[in-house]
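Dear colleague,

Please read the notes with the coordinates open beside them.

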Amino acid sequence: MATRNVMIVTGAGQISMAIARRMGAGMKIVMGDKSPANAEAIATTMNNAGFDVTPVEMDLADRASIKALIARAQELGPVTMLVNGAGVSPSQAPIEAILHVDLYGTAVLLEEVGRIIEPGGVGVTISSQSGHRMPALTPEEDEQLACTPTEELLALPLLQPENVRDTLHAYQLAKRCNEKRVMMESVRWGEKGARINSISPGIIVTPLAIDEFNGPRGDFYKNMFAKCPAGRPGTADEVANVAELLMSDKGAFITGADFLVDGGATASYFYGPLRPKA
């Protein structure tokens, strides 16, 4: 059998699986997750539906682990797609873990996959509406998040403990960094004829979101989707609809961009009933 193209997927969750199912037919799919059980469960579900998924243990906060995942993928064939859905939420982890996983880890993953992505390859990373809620950073801070060498990112002044208020603020900073990092990496990927974009979902019903609903900010999140223009949370398949555009030939002119998929919650936050009271 001829060698098949490989899709790397990180984060064995509902959004990652929805995108992989949409785009991964006929490909070798390498499913990386910090929990081997989670990776194996998603792989079993997809393999039983006719896909070809290999589960791999992978820690997004560890460069060596990321490189090992990529090396495993390359053993199976040329890597032409990346779907990054790995991460932790404000209710799941402390500040340090959020910055190491969601901020540093995503930056490393985009960098390392960008080194080996095949011409014509494409990637999407899952960011969050949270990156759009934080007040604007200075142009200098935005450039630092975009361009600082990955191993120096966590030493930036704006990411030091005295400048990070709580886990939500850490998450917002991480997701703002994701968006800026995608812009910078799109230039590097473009040199190889490849594309990379990010998607910023709002409240999507997944196990992670359910953790948030039951966490200390649960009422805040329930109010958010109740008062957004859509009037409901979204589904993983609705995020996959956007990913399908970005990863297909129909999105060939789209790279370095972030797409907000939140039912209008961010619009309502700035200009509607979700606007914070002064």
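Is β4 largely enclosed by the rest of the structure, or is it left exposed? Six of the six residues of β4 are buried, so this strand is largely enclosed by the rest of the structure, where buried means under 20% relative accessible area, exposed over 50% and partly exposed in between, with a 1.4 Å probe and protein chains only.

Before going further, please note that this is a predicted model, in which local features need pLDDT of at least 70 and side-chain atom pairs count only at pLDDT 80 or more, while totals for chains, interfaces and linings use all residues. Residues are numbered from 1 along each chain as its sequence is written, and side-chain values use heavy atoms, with hydrogens and water left out.

The sheet is open and has seven strands in the order β3-β2-β1-β4-β5-β6-β7, with parallel pairing; helices (H or I, at least four residues) and strands (E, at least two) are DSSP runs numbered from the N terminus, and two strands pair if DSSP finds at least two bridges between them. Because β3 (52-57) and β7 (258-261) stand at the edges with a single partner strand each, one side of each is left without a neighbour in the sheet. From one strand to the next the twist averages 20°.

As for the individual pairings, β2 (residues 28-33) is joined to β3 by six bridges, and I29 has V53 in β3 as its bridge partner. Strand β4 is joined to β1 by five bridges, with T10 standing opposite N84 in β4, and to β5 by four bridges, where M81 has V122 in β5 as its bridge partner.

Two helices lie across the sheet, with contact taken as heavy atoms within 4.5 Å: α1 (residues 14-23) lies across β1 (6-10), β2, β4 (79-84), β5 (122-126) and β6 (195-201), running at about 165° to β1, whereas α7 (residues 167-190) lies across β4, β5, β6 and β7, running at about 165° to β6. Axes are lines fitted to C-alpha atoms, for helices over the stretch in contact, and angles run from 0 to 180 degrees between N-to-C directions.

Helix α7 also packs with α6 (residues 139-147), at an angle of about 70° and with the axes 7 Å apart. The contact is made by D142, Q144, L145, A146 and C147 of α6 and by R176, C177, K180, R181 and M184 of α7.

With best regards
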